[in-house]
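I opened my notebook for a first look at this structure. Here is what I looked up, entry by entry.

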Amino acid sequence: MSIEGPLVFRALTNEVAMNQFYRALRAPLLFLSLLCLVACSTISPYNQHAYELSTSTKAEALSVVSKATEDYKLHAGEVQALKLNVEKAYEYTRGFPKNEDVTQMWEIMMNESGGALYGFLKDWKQDGKLSQAFVSEKRRQISKQFDEIIGLEGFKRKVAD
Amino acid sequence: MSKFDEFSNEWLTAVESFSLKSFKDFKEAAISDARDFFTSSQEDLRRWADKFGAGELTQRELKSLVRGEQDLLEMHALHQSGVVKVRTDMFVNGIIDLTVNTIIKVFLV
């Protein structure tokens, strides 16, 4: 021990050994930074499919919502297909770790007692058809609600680019 | 001045400048976003009140729209929470890059 200590010290003070020592640090540092990029992330990164699901579901939802001035029974199949796609998007989003914000936004959309998409579809089913003024206002609101989901996925994309 | 002192000085200056810029950008974006959201929400509420007054919307429909606005507000808060997380990741990754680059510049080049 008493011999090794000074030897190591002398070797490190040597210019060549110092350079070797610092160069040896390069790989662990790069590894550490890569590790941190993964381990330190607080939110699920951008996912192209999640983004596409949110935009295509919005288009489909707005198209179905526009028809709510007509009899629900005529469009029951379209409503079921829309709900299936919303649930697919939700399940896909929920599968990613650290993705609670987007997952909760989908849950709000799917809440039948709320004022978002599923609440609207429930009202339509109950009433048979809805007034033009209400449908127009609700369509605008549901569009904004979808934009919150799409906006966050889009922000992730902007950062990833 | 030792290599480590040189690294410390350079790193601290870079971190300070990077942090100031990051927080300034974030603060400005957050204020502008909140202002836009509440202006838009206020316009919606005013329009619905007018339509309700004119008999175009029923009380039940007005209630559904107000409930929807609450949902929208909640979704906006979740959106903002996500944006903060993305920005936090950007900041942390920026600091990591900056630290590694400063070490390489001072010690290895």
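Is Lys21(B) exposed or buried? I found that Lys21(B) has 53% relative accessibility and counts as exposed. My cut-offs: buried is under 20% relative accessible area, exposed is over 50%, and partly exposed lies in between (1.4 Å probe, protein chains only).

A note on my source: this is a predicted model, where local features need pLDDT of at least 70 and side-chain atom pairs count only at pLDDT 80 or more, while totals for chains, interfaces and linings use all residues. Residues are numbered from 1 along each chain as its sequence is written, chains are lettered from A and ligands numbered from 1 in the order in which they are written, and side-chain values use heavy atoms, with hydrogens and water left out.

**Entry: pairs within chain B**

I searched for salt bridges (a side-chain nitrogen of Lys or Arg within 4 Å of a carboxyl oxygen of Asp or Glu). The whole structure holds 17 of these over all chains. Side chains of opposite charge can pair when their charged atoms come close.

Lys21(B) is paired with Asp25(B) in a salt bridge, at 2.9 Å from N to O. The two sit four residues apart in helix α1 (residues 3–53) of chain B, so about one helical turn separates them. Asp25(B) is partly exposed, at 32% relative accessibility. For helices I rely on DSSP runs (H or I, at least four residues), numbered from the N terminus.

Next I looked at Arg67(B) and Asp71(B), whose side chains form a salt bridge at 3.5 Å, N to O. Both lie in helix α2 of chain B, and because they are four residues apart, about one helical turn separates them. Arg67(B) is partly exposed at 32%, whereas Asp71(B) is buried at 4%.

**Entry: pairs across the chains**

How many salt bridges are there between chain A and chain B? I noted six.

One salt bridge joins Asp123(A) and Arg60(B), at 3.6 Å from N to O. This pair crosses between chains, from helix α6 (residues 117–127) of chain A to helix α2 (residues 59–108) of chain B. Asp123(A) is buried, with a relative accessible area of 17%, and Arg60(B) is partly exposed, at 46%.

I also found a network of salt bridges that links Glu137(A), Arg140(A), Lys144(A), Asp44(B), Arg47(B) and Lys51(B). Within this group I checked Glu137(A) and Arg47(B), which form a salt bridge with their closest N and O atoms 2.7 Å apart.

**Entry: the interface**

The size of an interface is often given as the accessible area lost when the parts come together. Chain A and chain B bury about 3700 Å² between them, taking the accessible area (1.4 Å probe) that the two parts lose on being put together, summed over both. Carbon and sulfur atoms account for 62% of that area. In contact terms (heavy atoms within 4.5 Å), I listed 41 residues from chain A and 39 residues from chain B.

Which helix gives the largest share of the side of chain A that touches chain B? I found that α7(A) does, with 15 residues.

**Entry: one more residue**

Lastly I picked Ala81(A), in helix α4 (residues 72–94) of chain A. Ala81(A) is partly exposed, at 34% relative accessibility. Between Ala81(A) and Lys156(A) I noted 75 residues in sequence and 28 Å in space, C-alpha to C-alpha.
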